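Please read the following points alongside the model, which is displayed just below.

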Amino acid sequence: MYVRYNQNPCKKRTIDCTVRALATLLDEDWNKIYVQLCVLGYEMCDMPSSKAVINEYLDQQGYSRRLVYGKNYRVRDFAEDHPRGRFLLATDSHVVPVISGYTIDTWNSLDEIILLYWEER
């Protein structure tokens, strides 16, 4: 259910979860995603990791945002409930991809509470 993977090209453990998650989710190069988010953030006058920029970026990639209803719905629960498909989950302070029921990240966020997620249209 959890796969340890660091998409950062220098294998740094830093606050690049948005870039790592999107690069993993979209099977793209980390550098390409980083530049695209920076340009979009610049155009929107917002930080590249803001939820507004992520939402706009994923909308352009064919993803729709969904709210999570109810309390205490964890990353683990979502992964178990979604054994197929590609999703990006947002917690209070983190984003993580779920692909075919697996979270793929530098650290295990299975117990984090989900606020919203994006799914392919």
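1. Two strands are taken to pair if DSSP finds at least two bridges between them, and the elements themselves are DSSP runs, helices being H or I of at least four residues and strands E of at least two, numbered from the N terminus. In β6, Leu-116 is the bridge partner of Ala-90. This is a predicted model, in which local features need pLDDT of at least 70 and side-chain atom pairs count only at pLDDT 80 or more, whereas totals for chains, interfaces and linings use all residues. Residues are numbered from 1 along each chain as its sequence is written, and side-chain values use heavy atoms, with hydrogens and water left out.

2. Strand β6 (residues 116-120) takes part in two antiparallel pairings. With strand β2 (residues 63-67) the pairing runs over five bridges, and within β6 Trp-118 stands opposite Arg-65. With strand β3 (residues 86-90) the antiparallel pairing of β6 runs over four bridges.

3. A nonpolar core is here a set of buried Ala, Val, Leu, Ile, Met, Phe, Trp, Tyr and Cys residues joined through side-chain atoms within 4.5 Å, where buried means under 20% relative accessible area, exposed over 50% and partly exposed in between, for a 1.4 Å probe and protein chains only. The largest such core has 21 residues, and those with the most contacts inside it are Leu-22, Ile-33, Leu-58, Leu-88 and Trp-118. At least two residues of this core come from each of α1 (17-26), α2 (30-44), α3 (51-60), β3 and β6, with α1 giving the most, namely seven residues.

4. Which residues does Trp-118 touch, if residues up to four places away in sequence are not counted? With contact meaning heavy atoms within 4.5 Å, the partners of Trp-118 include Ile-54, Leu-58, Tyr-63, Arg-65, Phe-87, Leu-88 and Ala-90. A second, separate core of eleven residues includes Val-75, Ala-79, Phe-87 and Leu-89.

5. Rings of Phe, Tyr and Trp (its six-membered ring) pair if their centres lie within 6.5 Å, and planes under 30 degrees apart count as stacked, over 60 as edge-to-face and the rest as tilted. Five aromatic pairs are found in a search of the whole structure. In one of them, Tyr-73 and Phe-78 have ring centres 6.2 Å apart and planes at 70°, so this pair is edge-to-face. Tyr-73 counts as partly exposed at 21% relative accessibility, whereas Phe-78, at 0%, counts as buried. Ring pairs also link Tyr-73, Phe-78, Phe-87 and Tyr-117 into a cluster.

6. For salt bridges, the rule asks for a side-chain nitrogen of Lys or Arg within 4 Å of a carboxyl oxygen of Asp or Glu, and by this rule the count comes to eight. Arg-66 and Glu-119 meet in one of them at 2.8 Å, N to O, and this pair links distant parts of the chain, with Arg-66 in strand β2 and Glu-119 in strand β6, 53 residues apart. Arg-66 is partly exposed at 35% relative accessibility, and Glu-119 is likewise partly exposed at 22%.

7. Another salt bridge joins the side chains of Asp-77 and Arg-74 at 3.3 Å, N to O. Asp-77 is buried, with a relative accessible area of 17%, while Arg-74 counts as partly exposed at 27% relative accessibility. A network of salt bridges links Arg-74, Arg-76, Asp-77 and Asp-111.
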